[in-house]
Amino acid sequence: MPAVSKGDGMRGLAVFISDIRNCKSKEAEIKRINKELANIRSKFKGDKALDGYSKKKYVCKLLFIFLLGHDIDFGHMEAVNLLSSNKYTEKQIGYLFISVLVNSNSDLIRLINNGIKNDLTSRNPTFMNLALHCIANVGSREMAEAFASQIPSILVAGDTMDSVKQSAALCLLRLNRTSPDLVPMGEWTARVVHLLNDQHLGVVTAAASLITTLAQKSPEDFKTSISLAVARLSRIVTSASIDLQDYTYYFVAAPWLSVKLLRLLQCYTPPEDAALRSRLTECLETILNKAQEPPKSKKVQHSNAKNAVLFEAIALIIHHDSEPTLLVRACNQLGQFLQHRETNLRYLALESMCTLASSEFSHEAVKTHIDTVINALKTERDVSVRQRAVDLLYAMCDRSNAKQIVAEMLSYLENADYSIREEIVLKVAILAEKYAVDYTWYVDTILNLIRMAGDYVSEEVWYRVIQIVINRDEVQGYAAKTVFEALQSPACHENLLKVGGYILGEFGNLIAGDSRSSPLVQFDLLHSKFHLCSVPTRALLLSAYIKFINLFPEVKTTIQEVLRSDSQLRNADVELQQRAIEYLRLSCIASTDILATVLEEMPPFPERESSILAKLKRKKGPSNLPDVDDTRWNGNGNVEHSENAEGTNKVNPASSPSLMADLLPTNRPRPASSSPTMLSAGTMGSAHPFTDLLNLSSTPSAGASLLVDVLSDSSSPASLDVSEENFSRFVCKNNGVIFENQLLQIGLKSEYRQNLGRMYVFFGNKTSTQFLSFSSSVTKALTVPSPQLNIHAKPVDPTVEGGAQLQQILNIECVSDFTDAPVLDIQFRYGGALQNIAVKLPVMLNKFFQPTEMTSEDFFQRWKQLGVPQQEVQTIFKARHPMDTDVTNAKILGFGVALLDGVDPNPTNFVGSGVIHTKSTQVGCLLRLEPNGQAEMYRLTLRTSRESVSQRLCDLLSDQF
């Protein structure tokens, strides 16, 4: 930048500023400013032409007056005239004035654009930088229209100076953010990627920001940036700090550039090239290793820069979710930060571990830090850190630690900050329901929840407990007894009274045999709290009273007297008055048989998505396209799913309606109509206390049944090229991105139990333009003689807003063993053009495994029983990936079988067992994997009771090693 000469000091400006600062009052300041404005106006209107110095000085004064908060309505033309000056200081002041005071609707825009165009073509790097800075600062659509096509050519020109390249890259980034539709994609896109190889790190840093933004918009156009970014990152992390002296910040080599490159790599899936992938893994391992080194400086700037790179590297490891070793190392590194004295590091560690907890590979590693997280919940002084601790406990919860985590969250709830109590209540309710081994514990937990934080227990929570009690015969008596005892407290919360009134009205007869809870005692207990309740609760209690008349004829007279009282028949509230009159008449004129029919026990509710999850999602805000795993295997081989497994049909921040259908849409729980269901109750069996948790017995919407025999002859084969690029990645995992192009990203989350499954398909619109006429349907892959898979696809919204997401739920039933996977056909209109996409869905036979634990004796006995040659399939193959024991363990568990330790005489071998569940039959499976580390070979042997199953499972599993 040119030096400012001594004559450019603008003494008049300095005197004016001094006068303003010396003013004793606001009135004196305004008087001085008005005097100066009059003087400047007269100078601009005078006959004598002003020289460049005077124009600059007066324009500076106007700018200072504007910054003091006063309106400026003249001087714009003089500022524009300064753009034509050949002096740097005058041109600089002109651009500064325009950037601050000129709006995009000004009549002077054309003149300004001409001045900018002259400077851009001048090839004077100083003037070009000023012009580019002005374009970026104003960032108007008019400027984007004028210069969006010219700036890329400046950026990639071979003779452009480095400082100008930096400014051009950042200017183009600004225009892309304000007017993305005006930034053309052309030949320059391939050339701009090579700026990552530029010798000037300032240019690389600016280019990395630009390429990251453009790659999010059009990933395919910038896919070549992966190799260049990895190469540049490798050179940075392996270099000594003195090698990059100008870009070393407190002994950390180019931290900002490293962060930008790591963010760029998060726009893509892991590199397919093995050498490139290995180099990237080395980079990430180096960053993790450097985090363990003693600090080279005690200054906070050093640790901040070092940790910025570390956390971005961990974010990339989580995003790829493909290297178990790195994921576990990242988890251990974050675990060290959980007890760091710096609050921000503890916060960031908890936040990152929430995501790690949902990964199949690192969930167990995260669980090892449960005591530290619980301690943080109790001792942290910062409420935001405590909230992240609650989130992490929720994320790491599974069947093995559910009772401990729920107990700790309940304990913390009594002293929790008011701002997060409702969220904790929702999470405790979800965890208690999801991981309930027996429902007596669930009922106790929810009643405890209401007792401790009744004001924060939303209607969704007590609706849900009523639905579960009604649907489970085995818990109804215990629930009635428990709420009866809870209601005896002199001060019980109104929500507890609602639950008690409803449950006693339905199942009070189950405890009426005990004299301590006789019908009259139950009624007196409820009615003693009647006058302390709100109108909706009183209405519910009146309904409980009429139910009592049906259950207990001996209290009929007592209840009729209550209903006849003036406080009921002449109640000011119309709802209570109407109920009292109608219930009284019903009890008087109806026969016992009619009463029994009208007031019969509520029928079971259809299992639907929990409205508690919807409540939590509304509170936490919509998430991005899924990058965390909501399904994971616990020690017993059961599938568990977390909050994100229950989603909305359309995830859009602007949407205000409920994210999913509420369990009960009115103020009182109501039964659903007993319409026929898709699958019979017998289909579900009784393997899990949550009957039909996957919602497979819910009724499809009338007139729009999407039940598709996806493998039957009735469906025509897909005419499009079916995308199978990421199919094999899902053999041993249940979540991730299955398809992505420049317009659309498709993510999956899946959960399976026995022969039933549910898949959540997330469609992400990556553009800023609506998708219209959007449709998604499931078809077969190949024609087969009989239906082997049934898939019920819920309909989706036909419009997907720009940047928004859409969710579709697929309910899956395995009828018999199968080979071919179904295909998801997607159609939509983008920019008037019809888009057709076909993606092979990762629904494989191994998804219907139920892990089976066996002793060594049982295993080899069964192994001999399956000794018929047709029942065994064996293959020997070369290892495609590094032979790591932990990775192999994780893949076999992810495949679905139980890993049997100590069964094989050779400890290096892997032995597993499981049962494939279909609707028609069950197929037992035993597998044995024998690695040969020296030869880098594997021998895989599978024995099942069905030859076709053995071959299919062998093909699927052998591709994973």
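Does E485, at 44% relative accessibility, count as buried, partly exposed or exposed? In this predicted model, E485 counts as partly exposed because its relative accessibility is 44%.

- E485 forms a salt bridge with K481, and the closest N and O atoms of the two residues are 3.0 Å apart.
- Both E485 and K481 belong to helix α26, which covers residues 473-487, and they are 4 residues apart, about one turn of the helix.

**The salt bridges of K427**
- The side chain of K427 meets that of D391 in a salt bridge, with an N to O distance of 2.2 Å.
- Because K427 lies in helix α23 (residues 418-434) whereas D391 lies in helix α21 (residues 383-396), this pair ties together parts that are 36 residues apart in sequence.
- K427 is buried, and D391 is buried as well.
- K427 also meets the side chain of E423 in a salt bridge, at 3.0 Å from N to O.
- E423 and K427 are both found in helix α23, where they are 4 residues apart, about one turn of the helix, and both of them are buried.

**A network of charged residues**
- Salt bridges also link D19, R32, E36 and K61 in a network.

Technical notes: Residues numbered from 1 in each chain as written. Predicted model: local features only at pLDDT ≥ 70, side-chain atom pairs only at ≥ 80, totals over all residues. Heavy atoms only, no water. Salt bridge = Lys/Arg side-chain N within 4 Å of Asp/Glu carboxyl O. Helix = DSSP H or I, 4+ residues; strand = E, 2+ residues; numbered from the N terminus. Buried < 20%, exposed > 50% of the residue type's maximum accessible area, 1.4 Å probe, protein only.
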